[in-house]
Amino acid sequence: MDQLLLGIDIGTSACKVALFEPSGKVLAQSNQGYPVYYPKPGWVEQDPEEWWAAICKGIRETIETARIRPDQIAGIGIDGQSWSCIPVDREGKCLHNTPIWMDIRAREIAGRVTREIGFDRIFEVSGNGFEPSYTTPKMIWFKEQMPEVYKKTDKFLQSNSYIGMKLTGVMSQEVCQGYGLHFFDINGLRYDAELAKDMGLSVDKVPQLFACHEVIGTVSAEAAAQTGLAPGTRVVAGGLDAACGTLGAGVYLPGQTQEQGGQAGGMSICVDRATPHPKLILGPHVVPDLWLLQGGTVGGGGVLRWFRQELGAGDSFDDLTTLAEKIPAGSDGVVFLPYMSGERSPIWDPDAKGVFYGLGFDKTRGHMVRAALEGVAFALQHNLSTAAETGVQVEKLIAMGGAANSQLWTQIKADVTGKTIKVPTSDTATTLGAAILAGVGVGVYESFAQAVKETIVITREHKPDMEKHRFYQKSMELYLELYEDLKETFHKYH
């Protein structure tokens, strides 16, 4: 079979590489980790060259495990974490570590630019607030704080476009991640050169725009030697990890909604027109002529990973959720605010902190684990209720990410939101979405509809317990009240 598809996912803690048959069956996959750096308070960086080294290793391992010839791969799709800002010179050399989506070093710049240009003008073009974690403020930061790097920079790249460049030598900017650039017109899907100029930037510093399933080039001889891929293998532009995961979960029609349970949490509602909300995230879907109204939270699967690492006492994830199962809904009054690196939507507060409320001598680790799971679910519900203010209604959610493997956590989310949650093959949703883009781009699939029909399988369904939902509404009120009461303290002592 010469129609195999390779999906590459550049996550925060690791990259995933997976090889698929056109049916969506996984032939082999690899997971390779890399570090996150915290050089100063509010700074969160990664080295794109460490991504590349991990991906090269992962591709070789995947090909070897699958026991295929490299020339059996028809196309490669790449997805990546949002809001990278990777400065590269004309030869494609990375000039500095990239601030990643958790980085808030540009917070003062974001406030200043918003005041000078005006929130309304920026929002009218981009459909997004000018928050420090987006790409645009980071570009300005490089210009002001590292002018020599900025001067040498030919283009600023996103995570997936950097790997696309390493594979093909072509610098690209696909439309899906364009929303991280506030001079990207969210309706027209083009750059607004005048707004960029008013921000002190130039559209010359960003690459040409491509559709997400568009072939940008082919694997070079140099990249083939490093990865084990066949020279000439076609590579498509790819897209945002959350958007590819949304596609890989089967969301490609207006009204469908993905619930994300990776390192970060959130949701993506598929809409057929740009429907912005100042407290949410709006970006093009990887599927043409559609957009995603998104909520992106810091707290997701990473919350349980942190708890296990710091407080788990050697327990596995299953051990921790077993402890949580013994605790009643509402955790006997223990509430957790999952703001582990500030918080993104809908509060957009870089000073917000993770908080356990309601601890006492009668409380156990099980209470803390359950409260952590519930806190992430409350953050999801906060975004869904905010989206409802635009008139967008959600009936069912389709879950993806490692957290969807937990039946308890998924049921808690169903009970908190009052929504039915369906779970496809969650561990591969993101890499599958990237592979589908490649499949459509190189002609393995005639359409996105065909691709979804052939590849997506729902494995289970969680219906909400409406009695627990009504109970959780009271806990949700406390969750929201705690943030409002602590907000000024967060800001005072950040």
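Trainee: Which residues of strand β18 are buried on one side and which on the other?

Mentor: This is a predicted model, in which local features need pLDDT of at least 70 and side-chain atom pairs count only at pLDDT 80 or more, while totals for chains, interfaces and linings use all residues. Residues are numbered from 1 along each chain as its sequence is written, and side-chain values use heavy atoms, with hydrogens and water left out. Buried means under 20% relative accessible area, exposed over 50% and partly exposed in between (1.4 Å probe, protein chains only). Helices (H or I, at least four residues) and strands (E, at least two) are DSSP runs, numbered from the N terminus. In β18 (residues 281-284), Ile-281 and Gly-283 are buried on one side, and Leu-282 and Pro-284 on the other.

Trainee: With which strand does β18 pair, and in which sense?

Mentor: Two strands pair if DSSP finds at least two bridges between them. Here β18 joins β19 (residues 291-297) in the antiparallel sense, over four bridges. Ile-281 stands opposite Gln-294 of β19. The two strands form a hairpin with six residues between them, and Asp-289 in its turn has a positive phi of about 65 degrees.

Trainee: How many residues does the largest nonpolar core have?

Mentor: In soluble globular proteins, nonpolar side chains tend to be buried together. A nonpolar core is a set of buried Ala, Val, Leu, Ile, Met, Phe, Trp, Tyr and Cys residues joined through side-chain atoms within 4.5 Å. The largest has 94 residues, and Phe-183, Met-199, Leu-247 and Val-286 have the most contacts inside it. Helix α14 (residues 429-442) gives the most to this core, namely nine residues. A second, separate core has 38 residues, including Ile-76 and Leu-157.

Trainee: Why does Leu-437 count as buried?

Mentor: Leu-437 counts as buried because its relative accessibility is 0%. This residue lies in helix α14. Contact means heavy atoms within 4.5 Å; leaving aside residues up to four places away in sequence, Leu-437 touches Val-286, Cys-244 and Leu-247, among others.

Trainee: How many residues of helix α9 are buried?

Mentor: In α9 (residues 241-248), eight of its eight residues are buried, among them Asp-241, Cys-244 and Leu-247. Just after α9, Gly-250 takes a positive phi of about 100 degrees.
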